[in-house]
Amino acid sequence: MTTTAPSGQTDTADEARDAGRVDVLIIGAGISGIGAAHRMRTEFPDRSFVVLEAKDDRGGTWWTHRFPGARSDNDLFTYGYRHKPWRGPSIAASGAILDYLDEIIDEDDLDSAIRYRHRVTGLDWSSDDGAWTVHVTRDDTGERLRYRAGFLRMCQGYYDHDAPYRPEWPGIDRFEGVLVHPQRWPDDLDHSGKKVVVIGSGSTAATVVPAIADTAEHVTMLQRSPTYYFPPPTTHELAVQLTALKIPDEWTHEIMRRQYTAQIDELARLAHEAPDALHAFLMSETVPLLPEGTDVEKHFTPRYRPWQQRIAFVPDGDLFAAMRAGKASVVTDTIEEFTEKGVRLSSGEVLEADIVVTATGFDLAVFGDIPFRVDGEPVDFTDRVTWRGLMITGVPNMVYTFGYFRHSWTLRVDLVDDFVGRLFAHMRERGATTVVPALRPQDADMPLLPWVDEENFNAGYVMRGRDRMFRRGDREPWTHMQEYAQERESMPAADLDDGLEYH
Ligand SMILES: Cc1cc2nc3c(=O)[nH]c(=O)nc-3n(C[C@H](O)[C@H](O)[C@H](O)COP(=O)(O)OP(=O)(O)OC[C@H]3O[C@@H](n4cnc5c(N)ncnc54)[C@H](O)[C@@H]3O)c2cc1C
């Protein structure tokens with residue numbers, strides 16, 4: 001691959017300044033993009049790369065979400081990268097995650113490679129050039145730029161960072177209080193002494209409610225239907241013991257990764273093989289923490305199989321502590337309409353509110369909703385097929401990073417980055433500059449399935465976005481596996497000549 005310095009020329013045809021060519025262009029400076037950049041720095045020092053990030057800072061999800069209490073619900077030993085020990089409590093606030101990312105940015109001198117406020121607006125592959133043209137608009141100056149890149153790493157995340165999902169309820173414009181979405185939490189929102197209604201009961205709602213319950217007058221969590229919860233300790237007992245032994249942080253990191261991986265593996269196994277046993281286990285962890293007299297059937301008995309949607313982790317059971325203290329409560333009902341003073345429910349009950357928080361989730365964004373073209377032809381992802389949840393048929397020199405739904409996202413980030421290392425070495429051995437997934441003759445009649453098995457996982461954003469996503473086949477390598485237990489074996493062993501064409 002080649003590297004040329006930016007020429008500084010302006011292309012008068014589209015008024016975009018030529019920003020130069022790099023070997024690898026990474027889109028997004030969240031946990032996936034910073035992981036990819038770390039590998040470029042440490043494993044491919046001879047290749048040039050740049051990270052383009054639309055926002056004004058690093059962190060992705062952890063920069064966008066600033067609602068009170070924002071935190072991981074997975075442990076940070078597995079949510080952290082394999083190479084860099086996590087030294088804090090198992091569950092961490094977003095600020096601590098950003099600090100961890102900052103350390104990596106410092107250690108690898110990544111700041112010099114990240115371009116903030118650079119929004120990618122279009123991607124054009126040219127087979128003649130053997131390169132992507134990356135169209136960029138600077139959010140600060142409005143200037144348009146054009147990068148060239150030999151290889152694309154799509155690390156843009158899975159949801160629309162600019163427009164959160166909020167259903168349109170009748171009368172919403174009438175509401176005289178403050179309406180806020182957790183994805184856009186105003187820095188100056190004062191909830192102290194206020195009546196707050198939080199709509200939703202997933203991880204975000206379960207985080208916001210206890211975080212504001214102490215200072216608010218009262219917080220009502222309004223849910224359409226119940227969610228599964230799991231209340232692990234913020235700090236794992238084993239981590240405390242290992243820290244006391246003063247063993248190297250690297251050992252603690254690895255041991256705790258294995259400990260947590262085994263725990264989630266077991267929960268995932270039960271979800272598949274013994275959902276009733278998992279249901280009973282989750283209920284036995286939750287029910288004793290609820291205030292006396294709680295209608296468990298109505299408010300805490302979900303109607304889906306455990307883990308068909310994410311389980312909401314409630315560290316140290318803080319949500320339930322807020323309920324026991326009388327500072328928070330749960331209502332299970334549907335919204336009939338908003339009124340000037342709050343929400344009217346189907347039961348006729350009215351919940352008065354000074355602040356309504358719509359913890360109603362995201363909208364899926366397919367590759368950041370960036371338009372792709374290959375040799376001038378727009379790419380319609382709905383008729384394309386994934387190659388192992390890493391690449392897309394007919395889209396050359398592009399690997400995307402999509403983490404796990406159940407295990408920590410970052411476990412897959414590391415696997416994907418390992419895969420890219422193998423792929424680059426394989427291309428070098430073959431003397432190839434281009435790799436593109438293509439269905440094999442035996443796949444001609446392969447049924448095309450939704451990108452995830454909806455029986456296995458059917459969170460709201462997955463179901464809302466499924467018609468815009470790429471497809472999956474019914475056989476390898478056209479699968480997008482969501483189980484770390486299988487993929488940690490299968491991805492490193494993936495045959496790089498199966499379903500991939502090289503030029
Ligand atoms: C509150 C919350 C808690 C979560 N907790 C967990 C957890 O405990 N465990 C877990 O595994 N997952 C969790 N998740 C899921 C989380 O999104 C992923 O873990 C992970 O952060 C995704 O990282 P990413 O880098 O792939 O994408 P993101 O964090 O979404 O970052 C993508 C970046 O790409 C940038 N970008 C997008 N489009 C463009 C463009 N066109 N041009 C330039 N830049 C662009 C965005 O601005 C963003 O900075 C949580 C999510 C939320 C919202």
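Modeller: Strands here are DSSP runs of E with at least two residues, helices are runs of H or I with at least four, and both are numbered from the N terminus. Two strands pair if DSSP finds at least two bridges between them. The model is predicted, so local features need pLDDT of at least 70 and side-chain atom pairs count only at pLDDT 80 or more, while totals for chains, interfaces and linings use all residues. Residue numbers start from 1 along each chain as its sequence is written.

Start with the open sheet of 5 strands, which has the order 8-17-9-10-13 and parallel pairing. Strand 8 (178-180) and strand 13 (328-332) are its edges; each has a single partner strand, so one side of each has no neighbour in the sheet. On average, neighbouring strands are turned by 20 degrees against each other, direction ignored. Such angles run from 0 to 180 degrees between N-to-C directions, with axes fitted as lines to C-alpha atoms, for helices over the stretch in contact. Within this sheet, strand 10 (residues 218-223) runs parallel to strand 13 and is joined to strand 13 by 5 bridges. Thr220 has Ser329 in strand 13 as its bridge partner. Helix 5 (residues 203-213) packs on the sheet and touches strand 9 (195-199), strand 10, strand 13 and strand 17 (355-358). The direction of helix 5 makes about 165 degrees with that of strand 10. Contact means that the C-beta atoms of two residues, placed from the backbone, lie within 7 Å.

Another open sheet has 3 strands in the order 14-15-16, and here the pairing is antiparallel. Strand 14 (335-338) and strand 16 (350-352) are the edge strands, each pairing on one side only. From one strand to the next, the twist averages 25 degrees. A hairpin of 3 residues links strand 14 to strand 15, and these two strands pair over 3 bridges. Across that pairing, Glu337 stands opposite Arg344 and Phe338 stands opposite Val343.

Now the helices. The axes of helix 6 (residues 237-244) and helix 7 (residues 249-273) come within 10 Å and cross at roughly 165 degrees. Helix 6 and helix 7 are therefore roughly antiparallel; that label applies over 145 degrees, with under 35 roughly parallel, 65 to 115 roughly perpendicular and the rest oblique. Leu238, Ala239, Leu242 and Thr243 of helix 6 make the contact with Thr252, Ile255, Met256 and Gln259 of helix 7.

Helix 1 and helix 11 (residues 409-430) pack at about 35 degrees, with their axes 10 Å apart. Ile31, Ser32, Gly35, Ala36, Arg39 and Glu43 in helix 1 meet Trp409, Thr410, Val413, Asp414, Asp417 and Gly421 in helix 11. This contact has 4 nonpolar, 4 polar and 4 charged residues. In this count Ala, Val, Leu, Ile, Met, Phe, Trp, Tyr, Cys and Pro are nonpolar, Asp, Glu, Lys and Arg are charged, and the others, Gly among them, are polar.

Last, the ligand. Of the 32 residues around the ligand, Gly28, Gly30, Gly60, Gly157 and Trp409 come nearest; a residue is near a molecule or strand if its C-beta atom, placed from the backbone, lies within 6 Å of it. Helix 1 (31-43) and strand 5 (118-126) are the elements that give two or more residues to this shell. Helix 1 gives the most, with 3 residues. By class, the shell has 11 nonpolar, 17 polar and 4 charged residues.
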